[in-house]
Amino acid sequence: MTIDAHQHFWLYNPDRDSWITDDMSTIRRDFLPADLEPVLAANGIDGCVAVQASQTDEETMFLVGMAQAYDTVKGVVGWVDLQAANLYDRLEAYSQFEEIRGFRHVAQAEPDDFLMRPEVVKGIKQLAAFGFTYDILIYPSQLKAALHLVRSVPDVKFVIDHMAKPVIRQQEISRWSNFMAEIAKQPNVSCKVSGVVTEADWQNWKKADLFPYLDVVFEQFGPDRLLFGSDWPVCLVAADYTQVKTVVEDYLAPWGYDVRAKVFGGNAVKFYGL
């Protein structure tokens, strides 16, 4: 089964979705499974994992509804307040929905130390009791906190979204790559090969700009802990779906069928228990 391990759905709301700035006007509209299904079919993708884009319980249940209505939506990464006093009870309630595979917080919008705060670490530890995963969405400046988190919580499966958003457009790589190497030493951490085109020059990116960063994650995480994700529809500000997929396909061309099958689905099925 081929899987896109990272995409989003939303009914566009200008107040809630204020992160969609003026230069991202192409995605200032609704995006739903009916829009994605023909794109997946055209690209030979069997299913996807829908990831939260706003931080409400309503968002989580909106995505659950999409997964229940469309066979192509194989799993949901929702949102929950990790610092809530009744977090365990909320996780227990969410565990009734087999569509929910894990959770994410938009940590990139928080202070750099957010993921190492004791109350946040305590909350993420509680995911283990229910087998929930955690998606780490951060910028490179937050990698130190992420490293502390994954070392502190060995019983939860983590995945780094968008390769921790290296600053490709400025060709910054060394500090990012050093932290990624340390994080990759934790066997409970995987990495999504996603979001790279939007960290490059949107209008002028080329594969040669992206491949050095792919080299780092493939060297550090290996073929068993990397998951392809399109980051659709956010990717549309820089590339269409086929272009995003082709970058990873071309990179993997020398690796052979087995590796491609893992990155384009097998690893996502295993990580999220799809």
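What is the volume of the second largest pocket? The second largest pocket has a volume of about 180 Å³, and the largest has one of about 520 Å³. This is a predicted model, in which local features need pLDDT of at least 70, side-chain atom pairs count only at pLDDT 80 or more, and totals for chains, interfaces and linings use all residues. Residues are numbered from 1 along each chain as its sequence is written, and side-chain values use heavy atoms, with hydrogens and water left out.

**Pockets**

- A pocket is an open set of points on a 1 Å grid over the protein atoms alone, where a 1.4 Å probe fits and protein lies on both sides within 12 Å along at least five of seven lines; lining residues have an atom within 4 Å of a point.
- Grid points are joined across faces, edges and corners, and a volume is the space filled by probe spheres set on the points.
- The largest pocket, of about 520 Å³, is lined by 23 residues, of which Trp19, Met24, Gln108, Lys165 and Val234 are the closest to its centre.
- Its lining holds nine nonpolar, seven polar and seven charged residues; here Ala, Val, Leu, Ile, Met, Phe, Trp, Tyr, Cys and Pro count as nonpolar, Asp, Glu, Lys and Arg as charged, and the others, Gly among them, as polar.
- The second largest pocket is lined by Met1, Thr2, Gly44, Ile45, Lys245, Glu249, Tyr257, Arg260, Ala261 and Phe264.
- Helices (H or I, at least four residues) and strands (E, at least two) are DSSP runs, numbered from the N terminus.
- By type, the lining of the second largest pocket has five nonpolar, two polar and three charged residues.

**Salt bridges**

- The whole structure contains eleven salt bridges, each a side-chain nitrogen of Lys or Arg within 4 Å of a carboxyl oxygen of Asp or Glu.
- One of them joins Asp57 and Arg90, at 2.4 Å from N to O.
- Asp57 is in helix α2 (residues 57–69) and Arg90 in helix α3 (residues 87–94), so this pair ties together parts that are 33 residues apart in sequence.
- Asp161 pairs with Arg104, with their closest N and O atoms 3.1 Å apart.
- Asp161 sits in the loop between β6 (158–160) and α6 (174–184) and Arg104 in strand β4 (residues 100–105), so the pair links parts that are 57 residues apart in sequence.
- Asp161 and Arg104 are both buried (under 20% relative accessible area; exposed is over 50% and partly exposed in between, with a 1.4 Å probe and protein chains only).
- Lys206 and Asp209 form a salt bridge at 3.3 Å between the closest N and O atoms; Lys206 is partly exposed at 48%, and Asp209 is partly exposed at 22%.
- Arg104, Asp135, Asp161 and Lys192 belong to one network of salt bridges that share partners.

**Nonpolar cores**

- A nonpolar core is a set of buried Ala, Val, Leu, Ile, Met, Phe, Trp, Tyr and Cys residues joined through side-chain atoms within 4.5 Å.
- The largest core has 86 residues, of which Leu115, Ile136 and Phe158 touch the most other members.
- Helix α7 (residues 207–221) gives the largest share of this core, seven residues.

**Ser190**

- Ser190 lies in strand β7 (residues 189–193) and is buried, with a relative accessible area of 8%.
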